[in-house]
Amino acid sequence: MQLFGIDFTSRPSPRKPITVAMGRRHGDTIVLEQVLHLDSFAAFEQQLRQPGPWLAACDFPFGLPRELVESLGWPQAWPTLIQRLHSQTRAQLVAQFKAFCAPRPAGNKFAHRRCDLIARSSPSMKWVNPPVAFMLLEGAPRLLAAGISLPGLSTGDPQRIALEGYPALLARSVVGSASYKSDEKAKQTAEREARRAQIVAALQAGAHPLGLRLVLNEAWASRLIAEGSADQLDAVLCLMQAGWAVTQANYGLPAQIDPLEGWIVSTPWAD
């Protein structure tokens, strides 16, 4: 099966494209075959409609916290929820989310999905630093429109499967909470580059919780280490999550996940 790891952005452009790492699993190895740079949503939509079989791990949230959905009175089924979300402008979305947050105490302003709390990812309703709510707004409706199968959320083409990925989950297993990337040139330090080198070496050795070895040539390894924003490395980390999921029962997803919130692939279930 073709595997994709997708590093997403809510405003794709030639300067900051959607990055797609393509590869395949052979035994306990993931072979990196190609990296695509999609500088528009039209190009992303075309990529989603590529015939299967393929499985993608996408670095953007697929769902919203149930607490938020119920508070807003939004639909309780994922497809209609995403259609409702898609009807909102960014300004309308932010206004409603701010109204939800306003009366809540400091330190508990945002509602969280269960998987975000375990994976330590940003709340999927967060609209700044990083604006993952806008990534959800731009990404999930396009998955739905493309008719892709989203295990636990929506039934679509069984030959085209998308899972929610989170590259930092795998990266942290190697470098802890230390930062390995920045979009700001001034923060693209030698220390962050050294951490990217550590991550790439761990992926190549299979020295991480997924246990798979990344196979790539020296030129690609150098590119992943050199890129300060780590967009390509994040796409490859998602590729590794896709490669792990493809051989797992139910793609490694817990049986009891909330069908509104979804789940980040390779995040362990915790009571």
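Is Cys-115 buried or exposed? Cys-115 has 1% relative accessibility, so Cys-115 counts as buried. Buried means under 20% relative accessible area, exposed over 50%, and partly exposed in between, with a 1.4 Å probe and protein chains only.

This is a predicted model, in which local features need pLDDT of at least 70, side-chain atom pairs count only at pLDDT 80 or more, and totals for chains, interfaces and linings use all residues. Residues are numbered from 1 along each chain as its sequence is written, and side-chain values use heavy atoms, leaving out hydrogens and water.

**Cysteines**

A disulfide is a pair of cysteine sulfur atoms within 2.5 Å. By this rule there are zero disulfides.

| Cysteine | Nearest cysteine sulfur | Distance |
|---|---|---|
| Cys-115 | Cys-238 | 14 Å |
| Cys-238 | Cys-58 | 7.6 Å |

Cys-238 also counts as buried, because its relative accessibility is 0%.

**Overall fold**

The chain has 10 helices and seven strands. Helices (H or I, at least four residues) and strands (E, at least two) are DSSP runs, numbered from the N terminus. Of the 271 residues, 53% count as buried. The C-alpha atoms fill a box of roughly 50 × 45 × 40 Å along the principal axes.

Contacts (heavy atoms within 4.5 Å) reach along the sequence. Among those between residues at least 6 apart in sequence, 65% join residues at least 24 apart.
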